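Hello,

Here is the structure I promised to pass on.

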Amino acid sequence: TKRAFTTRPFRAAVPEAAWVRKVEYVEKYGARLLDAVHGAMLNGSYAFGEFFASSLCAAAPAWCTMLDIACCPPTSEHEYLRH
């Protein structure tokens with residue numbers, strides 16, 4: 001289960017319903033999310049990378065948003081270079 005790969009502080013800070021497992025290979029983090037990740041880790045909150053930062057973001061919708069780039073693939077290989 002996912003619970004086996006998280007620490008108790010992580011589970012206390014992020015409700016399991018807010019856990020988001022990502023499979024993206026490209027990610028962009030803002031300074032505020034990096035600060036949240038750093039603060040969570042200082043408090044002993046750890047989880048596997050594929051759902052740690054994304055779940056922290058999902059648990060804070062007032063200031064953190066996520067977009068799924070898989071929804072809108074570029075129509076040509078050249079569009080990848082423009083994004």
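Which pattern does the protein chain follow when read along the sequence? The answer is α-α-α-α, and the secondary structure comes to 4 helices and 0 strands. Helices here are DSSP runs of H or I with at least four residues, strands are E runs of at least two, and both are numbered from the N terminus.

Before the details, a word on how to read this. It is a predicted model, in which local features need pLDDT of at least 70 and side-chain atom pairs count only at pLDDT 80 or more, while totals for chains, interfaces and linings use all residues. Residues are numbered from 1 along each chain as its sequence is written, and side-chain values use heavy atoms, with hydrogens and water left out.

How confident is the predictor? pLDDT is its confidence in each residue, from 0 to 100. The protein chain averages 78, and 72% of the residues score at least 70. Confidence is highest in α2, at a mean of 94, and lowest in helix α4 (residues 77-82), at 47. Over residues 78-83 the pLDDT is below 50, and this stretch has 2 contacts in the model beyond near neighbours in sequence. By contact I mean heavy atoms within 4.5 Å.

Now for the overall picture. The protein chain has 83 residues, of which 25% are buried. A residue is buried under 20% relative accessible area, exposed over 50%, and partly exposed in between (1.4 Å probe, protein chains only). The chain exposes about 6,300 Å², with carbon and sulfur atoms supplying 60% of that; the areas come from the Shrake-Rupley method with a 1.4 Å probe, and for residues only the protein chains shown count as cover. Among contacts between residues at least 6 apart in sequence, 68% join residues at least 24 apart.

Next, the inside. In soluble globular proteins, nonpolar side chains tend to be buried together. In this model the largest nonpolar core has 14 residues, and F10, V14, L33, V37, F52 and L56 have the most contacts inside it.

Rings of Phe, Tyr and Trp (its six-membered ring) pair if their centres lie within 6.5 Å; planes under 30 degrees apart are stacked, over 60 edge-to-face, and the rest tilted. That rule gives 4 aromatic pairs. F10 and W19 make a tilted one, with 5.5 Å from centre to centre and 45° between the planes. Both residues count as buried, F10 because its relative accessibility is 0% and W19 because its value is 9%. Ring pairs link F10, W19, F51 and F52 into a cluster.

W19 and F51 are also contacts of T6. Leaving aside neighbours within four places in sequence, T6 is in contact with R11, W19, Y46, A47 and F51. T6 lies in the segment before α1 (8-13) and, at 11% relative accessibility, counts as buried.

How many disulfides does the structure hold? There is 1 (a disulfide being a pair of cysteine sulfur atoms within 2.5 Å). C57 and C64 form it, with their sulfur atoms 2.0 Å apart, and both cysteines are buried. The torsion about their S-S bond is about -105°, so the disulfide is left-handed.

R32, in helix α2, has its C-alpha atom 8.3 Å from that of C64, although they are 32 residues apart along the chain; R32 counts as exposed at 55% relative accessibility. G30, in the loop between α1 and α2, is 34 residues from C64 in sequence and 9.0 Å away in space, C-alpha to C-alpha. G30 is partly exposed, with a relative accessible area of 40%.

Technical notes:
A nonpolar core is a set of buried Ala, Val, Leu, Ile, Met, Phe, Trp, Tyr and Cys residues joined through side-chain atoms within 4.5 Å. pLDDT is the predictor's confidence in each residue, from 0 to 100.
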